[in-house]
Amino acid sequence: MKENIIRGLSGVMYVSILVVSIFSSEFAFTTLFLLFGIICLRELQRLLHLKSYLGYFLLFFLFYLFSYARWSPYATMVLLIITLFVNMFLVKDLMLVNKIPLFEKKKYVIIVFYLIASLIFLTLIPSYTGDFTPELVIGIFSLIWINDTFAYLVGKNFGKKKLFERISPKKTVEGFLGGLIFSAVAAYLVYFLTGLLNLHTWVGMAIILSIFGTLGDLIQSKFKRQAGVKDSGRLMPGHGGLFDRLDSIIFASPFVYAFLQFLNYVS
């Protein structure tokens with residue numbers, strides 16, 4: 001009982017900080033995720049068995065160039081392409097190899113593109129058309145939360161077939177499908193409440209968030225399994241580390257950003 005209360009309170013605090021920053025200003029939202037990035041980087045370096053200050057320098061430098069200064073649309077597109085490639089390579093490693101190879105240079109590739117660049121695209125999503133739209137990112141977070149919640153509930157009550165047992169024994173195919181279906185249904189509610197974009201776009205984002213959010217969670221679970229730890233950190237009582245809480249949205253964000261940019265380009 002006590003653990004559930006602590007877990008609930010830490011979750012409410014996290015959501016409250018997030019919502020307040022999003023509706024305060026673009027600068028507050030970006031800065032919050034820069035701070036989140038510092039914490040997640042510390043937790044990721046722990047999983048990678050890497051002790052280095054270079055990652056923090058790259059985090060500040062790249063955030064300044066792309067999230068604050070909005071340096072160049074062409075450079076942003078190059079960063080997006082490389083990030084998508086690296087993330088898909090991690091998906092390949094998840095599926096096909098027992099251990100993700102983590103030699104020194106690859107650790108920095110993972111830090112820069114899997115974590116830092118993905119966080120940058122998360123900060124760019126609400127202003128992908130040029131104007132900052134807080135309701136857009138609130139809608140996206142709502143969909144990922146709904147997916148995670150119903151994947152857990154459906155999996156716990158109806159799950160029988162394991163999704164990826166050797167990496168995450170508790171995840172089931174039924175849970176994954178439940179999360180996907182409920183988030184796709186919730187996309188209609190998000191569309192109705194925000195009045196942004198169109199219904200097909202929200203449903204498309206719900207599907208992307210469900211698929212790539214689940215993959216992001218599995219990849220982080222594989223990193224934890226290789227590191228021999230249960231959680232990435234202890235910052236959030238009942239939830240583990242901040243990276244445990246954000247792994248799904250971080251991994252999915254460049255795919256959502258690419259989807260929105262594609263629709264913006266063809267429309």
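Helices, as the word is used here, are DSSP runs of H or I with at least four residues, numbered from the N terminus. The model is a predicted one.

## Helix α3 and the residue after it

Helix α3, which covers residues 54–68, has 15 residues, and the distance from its first C-alpha to its last is 20 Å, close to the 21 Å expected at 1.5 Å a residue. Its buried residues are G55, Y56, L58, L59, L62, F63, L65, F66 and S67. The helix is followed by R70, which has a positive phi, near 50 degrees.

## Helix α4

Helix α4 runs over residues 73–96, and the 34 Å that separate its end C-alpha atoms agree with the 34 Å that its 24 residues should span at 1.5 Å a residue. At the start of α4, the backbone nitrogen of Y74 has a side-chain oxygen of S72 within 3.2 Å.

Along α4, the buried residues are A75, T76, L79, L80, T83, L84, V86, N87, L90, V91, D93 and L94. An α-helix has 3.6 residues a turn, so residues three or four places apart point the same way. Two of the residues buried in α4, L80 and L84, are in contact with A258, once the neighbours of A258 within four places in sequence are left aside.

S118 is located in helix α5, and because its relative accessible area is 0%, under the 20% limit, S118 counts as buried. Apart from neighbours within four places in sequence, S118 contacts T83, N87, F113, I250, S253 and P254; T83 and N87 are themselves among the buried residues of α4.

T123 is also placed in helix α5, and it is buried at 0% relative accessibility. The side chain of T123 reaches the backbone oxygen of I120 at 2.6 Å. With neighbours within four places in sequence set aside, T123 is in contact with F29, T30, F33, F63, S67 and R70, and of these F63 and S67 are buried in α3. The C-alpha atoms of T123 and L9 are separated by 26 Å, the two residues being 114 residues apart along the chain.

## The loop between α5 and α6

S127 occupies the loop that lies between α5 (104–124) and α6 (134–158).

The side chain of S127 makes a polar contact, at 3.2 Å, with the side chain of R70. Residues up to four places away in sequence not being counted, S127 touches E26, R70 and F132. R70 is also one of the residues in contact with T123.

## The packing of α7 and α8

Two packed helices are described by the angle between their axes and the distance between the axes. For helix α7 (residues 173–194) and helix α8 (residues 199–227), the axes come within 8 Å and cross at roughly 145 degrees, and the crossing is right-handed. On the α7 side the contact is made by F176, G179, L180, S183, A184, A187, Y188, V190, Y191 and T194, and on the α8 side by L199, W202, V203, A206, S210, I211 and T214. The residues of this contact divide into 12 nonpolar and five polar, with no charged residue.

Conventions:
Residues are numbered from 1 along each chain as its sequence is written. This is a predicted model: local features need pLDDT of at least 70, side-chain atom pairs count only at pLDDT 80 or more; totals for chains, interfaces and linings use all residues. Side-chain values use heavy atoms; hydrogens and water are left out. A polar contact is a pair of N or O atoms within 3.5 Å; within protein, one must be able to donate a hydrogen and the other to accept it, and residues adjacent in sequence count only if both atoms are side-chain atoms. Contact means heavy atoms within 4.5 Å. Axes are lines fitted to C-alpha atoms, for helices over the stretch in contact, and angles run from 0 to 180 degrees between N-to-C directions. A crossing is left-handed if the near helix is turned anticlockwise from the far one by less than a right angle, and right-handed if clockwise. Ala, Val, Leu, Ile, Met, Phe, Trp, Tyr, Cys and Pro count as nonpolar, Asp, Glu, Lys and Arg as charged, and the others, Gly among them, as polar. The expected span of a helix is 1.5 Å times one less than its number of residues. Buried means under 20% relative accessible area, exposed over 50%, partly exposed in between (1.4 Å probe, protein chains only).
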